[in-house]
Amino acid sequence: MNANEIGLVAAAFALVGAGVGIVGAAATGWAEAALATAATGETARFGPVFVAQSYLAVTATVLVAAVPLAGVLGVLVGSRARGVVAAAATCGLGTGLGALTYGLIAVTVIVVTQGDAAAQAHGLADAFLPTLATAFVSGAVGASTGVLGAVMR
């Protein structure tokens with residue numbers, strides 16, 4: 001197991017998480033402005049529900065994106081490992097911790113930027129279990145693809 005590579009993978013996830021969080025916040029802000037803030041008529045009445053659904057959809061998409069990132073980083077880092085066990089341990093731990101960091105950063109950015117029309121949208125506590133599940137799945141995918149990378153080398 002290589003601690004430097006674990007840190008590298010986790011740092012890559014953190015940076016991507018910050019970028020994805022910013023884009024997610026921009027998308028949800030746009031949805032909030034279009035569906036509630038500037039809405040009139042029936043759209044204004046149902047706007048908060050649409051805004052909450054938009055936040056949920058963006059957050060789910062952000063979390064789903066961690067898994068392919070784990071796969072790519074797993075293959076790349078695993079191809080440099082000295083053996084299959086080292087690849088699985090390094091990539092599994094790196095992608096698991098990285099995906100947790102990614103999710104916490106991205107979801108926090110999205111939740112913190114919620115506007116007044118997002119009163120019905122989810123909070124940090126609501127998204128914690130899905131974020132944790134994302135970290136476990138990403139860790140498993142990262143470990144598996146790390147082994148593939150080591151074998152293909």
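## Where helix 3 meets helix 4

In this predicted model, Ala66, Ala70, Gly74, Val77 and Gly78 of helix 3 are in contact with Ala87, Thr90, Cys91, Thr95, Ala99 and Tyr102 of helix 4, where contact means heavy atoms within 4.5 Å and helices are DSSP runs (H or I, at least four residues) numbered from the N terminus. Sorted by class, this contact holds seven nonpolar, four polar and no charged residues, with Ala, Val, Tyr and Cys among those counted as nonpolar, and Gly among the polar ones.

The axes of helix 3 (residues 66-78) and helix 4 (residues 84-112) come within 10 Å and cross at roughly 150°, the axes being lines fitted to C-alpha atoms over the stretch in contact, with angles from 0 to 180 degrees between N-to-C directions.

## Thr95 in helix 4

Thr95, which lies in helix 4, counts as buried because its relative accessibility is 1%, and buried means under 20% relative accessible area (1.4 Å probe, protein chains only). Leaving aside residues up to four places away in sequence, Thr95 touches Val9, Phe13, Ala70, Ser138, Gly139, Gly142 and Ala143.

## Annotated stretches

The unreviewed UniProt entry annotates residues 54-77, 84-112 and 132-152 as "transmembrane region", although such annotations may be inferred rather than shown by experiment. In the model, residues 84-112 are 100% helix and 0% strand, with end C-alpha atoms 41 Å apart, while residues 132-152 are also 100% helix and 0% strand, with end C-alpha atoms 30 Å apart.

## Basis of the values

Residues are numbered from 1 along each chain as its sequence is written, and side-chain values use heavy atoms, leaving out hydrogens and water. Local features need pLDDT of at least 70 and side-chain atom pairs count only at pLDDT 80 or more, whereas totals for chains, interfaces and linings use all residues.

Methods. Helices (H or I, at least four residues) and strands (E, at least two) are DSSP runs, numbered from the N terminus. Buried means under 20% relative accessible area, exposed over 50%, partly exposed in between (1.4 Å probe, protein chains only).
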